[in-house]
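Please open the structure in a viewer and keep the selection tool at hand.

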Amino acid sequence: MLKSLKIENFRCFPSFEMRQLGRLNLIVGTNNSGKTSILEAL
């Protein structure tokens, strides 16, 4: 299980970090905000 996620220089994210991930995490946001890019980076 992942405990954190750090993305650097990927698509629209020069630097992005999510900490304290749990067993279930929801990624929400408006259209074209990078939700799919986060999943593809995984």
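The stops that follow lead from the whole chain to single residues.

**Before starting**

This is a predicted model, in which local features need pLDDT of at least 70, side-chain atom pairs count only at pLDDT 80 or more, and totals for chains, interfaces and linings use all residues. Residues are numbered from 1 along each chain as its sequence is written, and side-chain values use heavy atoms, with hydrogens and water left out.

**Stop 1: the whole chain**

Display the protein chain as a cartoon. One helix and two strands are present, and from the N terminus on they follow the order β-β-α. Helices (H or I, at least four residues) and strands (E, at least two) are DSSP runs, numbered from the N terminus. Along its principal axes, the C-alpha trace spans about 25 × 20 × 15 Å.

Now switch to a surface view. The accessible surface of the protein chain comes to about 3800 Å², and 50% of this belongs to carbon and sulfur atoms; accessible areas come from the Shrake-Rupley method with a 1.4 Å probe, and for residues only the protein chains shown count as cover. Of the 42 residues, 19% count as buried. Buried means under 20% relative accessible area, exposed over 50%, and partly exposed in between (1.4 Å probe, protein chains only).

**Stop 2**

Select residues 5-10, which are β1, and residues 13-18, which are β2. The two strands run antiparallel and are joined by five bridges; two strands pair if DSSP finds at least two bridges between them. Within this pairing, L5 stands opposite M18, and K6 stands opposite E17.

Next, select R11. This residue is in the turn of the hairpin that β1 and β2 form, with two residues between the strands, and R11 has a positive phi of about 50°. N9 is exposed, with a relative accessible area of 68%.

**Stop 3: the nonpolar core**

Which residues make up the largest nonpolar core? Select L5, I7, F13, M18, L21 and I38 to display these six residues. A nonpolar core is a set of buried Ala, Val, Leu, Ile, Met, Phe, Trp, Tyr and Cys residues joined through side-chain atoms within 4.5 Å. The elements that give two or more residues to this core are β1 and β2.

Centre the view on I7, in strand β1. I7 counts as buried, because its relative accessibility is 5%. Leaving aside neighbours within four places in sequence, I7 is in contact (heavy atoms within 4.5 Å) with F13, P14, S15, F16, I38 and A41. I7 and E17 are ten residues apart in sequence, and their C-alpha atoms are 6.3 Å apart in space.

Then move to M18. With neighbours within four places in sequence left aside, M18 is in contact with S4 and L5.

**Stop 4: the aromatic pair**

The structure holds one aromatic pair. Select F13 and F16: their ring centres are 5.0 Å apart and their planes are at 45°, so the pair is tilted. Rings of Phe, Tyr and Trp (its six-membered ring) pair if their centres lie within 6.5 Å; planes under 30 degrees apart count as stacked, over 60 as edge-to-face and the rest as tilted.

**Stop 5: the loop and the helix**

Follow the chain into the loop between β2 and α1, and select N32 there. Its phi is near 65°, a positive value in a residue other than glycine, and N32 is exposed, with a relative accessible area of 83%.

Continue to helix α1 (residues 35-41), and select I38 within it. I38 is buried, with a relative accessible area of 7%. Apart from neighbours within four places in sequence, I38 is in contact with L5, I7, F13, F16 and I27. I38 and I27 are eleven residues apart in sequence and 8.8 Å apart in space, C-alpha to C-alpha.

Finally, select S37, also found in helix α1. S37 is buried, with a relative accessible area of 9%. Neighbours within four places in sequence aside, S37 is in contact with F10, R11 and F13.
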